[in-house]
Amino acid sequence: MAVAFDEMNIPGGDLRPAYQELARWLKETPPEALEYRRQEAELLFRRIGITFAVYGDSESTERLIPFDVIPRIMSGKEWGVLEKGLKQRVKALNMFLRDVYHGRDILRAGIVPEDLIFQNPVFRPEMNGQQVPHDVYVHIAGIDIVRIDANDFIVLEDNARTPSGVSYMLENREIMMRLFPDLFARHRVAPVERYPDELLSALRSVAPLSASGEPTVALLTPGVYNSAYYEHSFLADKLGIELVEGRDLIVKNNEVFMRTTEGLKRVDVIYRRVDDDFLDPLTFRPDSALGVPGLMSAYAAGNITLANAVGTGIADDKAIYSYMPDIVKFYLGEEPVLKNVQTWRCREPKDLAYVLDHLNELVVKEVHGSGGYGMLIGPAATKATIEAFREKLKREPEGFIAQPTLALSTCPTCTASGLAPRHVDLRPFVLTGSKTTTIVPGGLTRVALKEGSLVVNSSQGGGTKDTWILDE
């Protein structure tokens with residue numbers, strides 16, 4: 001595996017310009033002062049109650065996501081490249097989704113295989129021909145980015161359904177400003193606190209034409225047992241909108257209403273954090289108690305906007321991901337600004353043969369997997385695990401893709417034995433409204449806290465950092 005790119009230190013002892021001020025500050029700050037503030041940060045997170053649930057974890061259901069107090073810093077110039085690439089990619093994702101559910105030019109052109117769309121469990125035939133306001137399918141995208149050298153940002157995956165984590169981005173910043181005012185004073189850090197306002201205006205901008213002057217937006221949550229419930233209540237609060245569950249909504253004459261103490265109130269836009277399957281028991285899973293009966297008929301009638309749209313899962317499928325460079329070129333006629341990771345599609349016999357021969361070097365992921373579950377990291381796996389995975393791959397090759405083990409970049413991180421490099425990724429949040437696409441500078445940096453580990457997912461023991469984009 002290649003040597004990881006160090007975001008702070010240049011080989012030979014020099015510092016990268018964005019980190020020079022932080023390095024000076026670290027020299028002046030005694031380790032015990034840093035440790036004291038680290039503990040204080042943990043206390044604040046506990047007090048605020050920022051937790052997430054871990055499925056299938058017998059020890060504890062609610063965990064605190066570890067927070068690392070050393071910020072990750074990027075120059076404004078680096079961010080400029082990233083921002084341009086993110087806007088390009090999300091624009092292409094939206095055009096791809098519109099095409100897949102309407103004209104299907106990309107399938108006729110033979111760029112994406114038809115069976116990959118039509119036999120895909122997340123393809124929603126109900127969306128065929130369905131108009132969505134302003135052709136925006138993915139209003140909120142979380143694009144996972146890794147860095148492998150000074151110039152290249154690479155997309156690891158696209159999250160186009162219900163990306164989570166933005167509450168941590170906002171809370172991390174608030175806590176850093178509270179605990180490290182002296183460090184902030186020495187930098188010009190681009191603000192992130194505009195996110196709730198930008199999200200609300202993006203959501204309002206895509207309201208149905210039949211909506212009132214000031215469209216009513218509500219956030220639909222599966223409820224308190226969902227792993228991201230903290231984030232749902234946090235965002236509803238920040239946006240100043242109602243947090244609702246399926247049972248709080250009712251459909252009448254193809255319009256959606258919310259029950260309030262003053263009677264029924266029409267809802268125009270639902271920011272939904274409930275998966276497609278559970279949205280409407282009359283259309284999808286009949287056993288779902290989380291959804292709203294009749295919601296899809298109100299949607300088909302054009303009386304409600306769902307953000308994100310139904311059927312966006314087809315765009316964040318890991319097999320479709322491998323076609324993203326071609327998708328960008330097809331719709332925009334441009335070369336992708338952000339590269340993809342080289343990907344072997346196990347559904348193709350030639351690729352499968354290669355993957356089976358090199359399992360000990362590759363990362364193998366489920367096409368529909370998320371959260372770091374169900375994947376094999378070849379270099380870190382035991383022989384027995386690799387052999388078990390080999391059998392699984394032979395049984396259903398179409399369920400998997402494989403990628404090389406990337407040397408994710410590293411950032412300085414607090415560890416028990418002092419500051420040390422740890423691997424990081426970045427999830428910026430891209431908001432698309434009727435006319436504009438906005439991205440608050442930065443995003444959620446996730447950090448693999450175990451030495452040598454490449455798994456940054458919070459469900460697998462990863463932590464988070466504040467991400468600073470310098471205003472130059």
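Modeller: Here are some questions and answers about domains, strands and a pocket. This is a predicted model, in which local features need pLDDT of at least 70 and side-chain atom pairs count only at pLDDT 80 or more, while totals for chains, interfaces and linings use all residues. Residues are numbered from 1 along each chain as its sequence is written, and side-chain values use heavy atoms, with hydrogens and water left out.

Biologist: Which three residues supply 52% of the area that domain 1 buries against domain 2?

Modeller: The domain assignment, which is automatic or from a database, gives domain 1 as 81-144 + 198-331 and domain 2 as 342-404. Twelve residues from each domain take part in the contact (heavy atoms within 4.5 Å). Together the domains bury about 910 Å² (accessible area, with a 1.4 Å probe, lost on being put together and summed over both parts). On the domain 1 side, the three that supply 52% are Lys 318, Ser 322 and Tyr 323.

Biologist: In strand 17, which residue is the bridge partner of Arg 345?

Modeller: Strands here are DSSP runs of E with at least two residues, and helices are runs of H or I with at least four, numbered from the N terminus; two strands pair if DSSP finds at least two bridges between them. Four strands form an open antiparallel sheet in the order 14-17-15-16, with strand 14 (344-345) and strand 16 (376-377) at the edges. Two bridges join strand 14 to strand 17 (residues 400-404). The strand 17 partner of Arg 345 is Ile 401.

Biologist: In strand 10, what is the bridge partner of Met 258?

Modeller: Strand 8 (residues 249-252) runs antiparallel to strand 9 (residues 255-260), joined by four bridges, and the turn of their hairpin holds Asn 253, with a positive phi of about 50°. Strand 9 also pairs in the antiparallel sense with strand 10 (residues 263-266) over four bridges. There, Met 258 is partnered by Lys 265.

Biologist: Which element gives the largest share of the lining of the second largest pocket?

Modeller: A pocket is an open set of points on a 1 Å grid where a 1.4 Å probe fits, with protein on both sides within 12 Å along at least five of seven lines, and lining residues have an atom within 4 Å of a point. This one is lined by 22 residues, with Glu 35, Arg 38, Asp 68, Cys 414 and Thr 415 nearest its centre. Among the elements that each supply at least two lining residues are strand 3 (67-74) and strand 18 (410-415). The largest share, eight residues, comes from helix 2.

Definitions and conventions
Buried area = accessible area lost by both parts, 1.4 Å probe.
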